[in-house]
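Dear colleague,

Please find below the structure that I am handing over to you. My notes on it follow directly after.

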Amino acid sequence: VIFLSPAKLFDLVQSAADRSISNLNGGVYISGKEYKVKKDYVGAPFTLFVECEEINFECEIDLVPSVSLEINQLPREVQDRVRVINKNFNSRINKCMGIALKPADRERFEIDFHDIERDILRNREVAKKVVMLMKHLRDIKG
């Protein structure tokens with residue numbers, strides 16, 4: 001049996017990002033314009049900042065190391081709960097993600113059901129807006 005370590009996966013992706021940014025000398029040219037790339041590893045996920053002063057462009061890219069999992073790879077009680085939720089919301093999604101977050105458990109992945117959540121919110125515009133508002137408030141309040 002081979003085990004995958006969330007901490008090692010996080011460190012591997014972070015190291016690859018460091019090498020890539022170093023190889024780019026902190027920037028990249030696209031259509032003749034220079035885009036500067038900086039990193040911030042204060043928390044998890046770690047963040048890349050991309051900016052182009054010429055066109056007043058800025059963006060943040062969160063890098064979250066993850067692995068795709070089938071629901072049947074999870075513990076039985078979690079599988080059963082996901083089946084109930086899928087049945088109640090008429091969802092047929094059978095995948096989830098194992099997320100490697102640095103400050104979290106170094107030996108266990110955080111399980112994320114993003115695709116199931118999106119499927120449940122499909123065609124529920126009011127619910128989508130409420131979730132977006134909650135995420136916005138979380139982001140500005142911390």
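Predicted model: local features only at pLDDT ≥ 70, side-chain atom pairs only at ≥ 80, totals over all residues.

The partner of arginine 122 is aspartate 119, and their side chains meet in a salt bridge with an N to O distance of 2.8 Å. The two side chains also make a polar contact, again at 2.8 Å. Aspartate 119 belongs to helix 3, which spans residues 114-121. With a relative accessibility of 14%, aspartate 119 counts as buried.

The count of salt bridges comes to 5. Among them is the pair of aspartate 18 and lysine 39, whose closest N and O atoms are 3.8 Å apart. Since aspartate 18 lies in helix 1 and lysine 39 in strand 2, this pair ties together parts that are 21 residues apart in sequence. Both residues are partly exposed: aspartate 18 has a relative accessible area of 28%, and lysine 39 has one of 40%.

Another salt bridge joins glutamate 51 to lysine 38, with 3.4 Å between the closest N and O atoms. Here glutamate 51 in strand 3 (residues 46-52) is linked to lysine 38 in strand 2, 13 residues away. Glutamate 51 is partly exposed at 21% relative accessible area, and lysine 38 is partly exposed at 46%.

Serine 31 has a positive phi of about 50° although it is not a glycine; it sits in the loop between strand 1 (27-30) and strand 2 (33-40), and it is exposed, with a relative accessible area of 70%. Asparagine 90, likewise not a glycine, has a positive phi of about 55°. Its place is the loop between helix 2 (76-88) and strand 6 (95-99), where asparagine 90 is exposed at 55% relative accessible area.

Finally, alanine 17 is part of helix 1 (residues 6-23) and is buried, with a relative accessible area of 10%. Between alanine 17 and methionine 132 there are 29 Å in space, C-alpha to C-alpha, and the two are 115 residues apart in sequence.

With kind regards

Conventions
Residues numbered from 1 in each chain as written. Heavy atoms only, no water. Helix = DSSP H or I, 4+ residues; strand = E, 2+ residues; numbered from the N terminus. Buried < 20%, exposed > 50% of the residue type's maximum accessible area, 1.4 Å probe, protein only. Polar contact = N/O pair within 3.5 Å; in protein donor to acceptor, adjacent residues only side chain to side chain. Salt bridge = Lys/Arg side-chain N within 4 Å of Asp/Glu carboxyl O.
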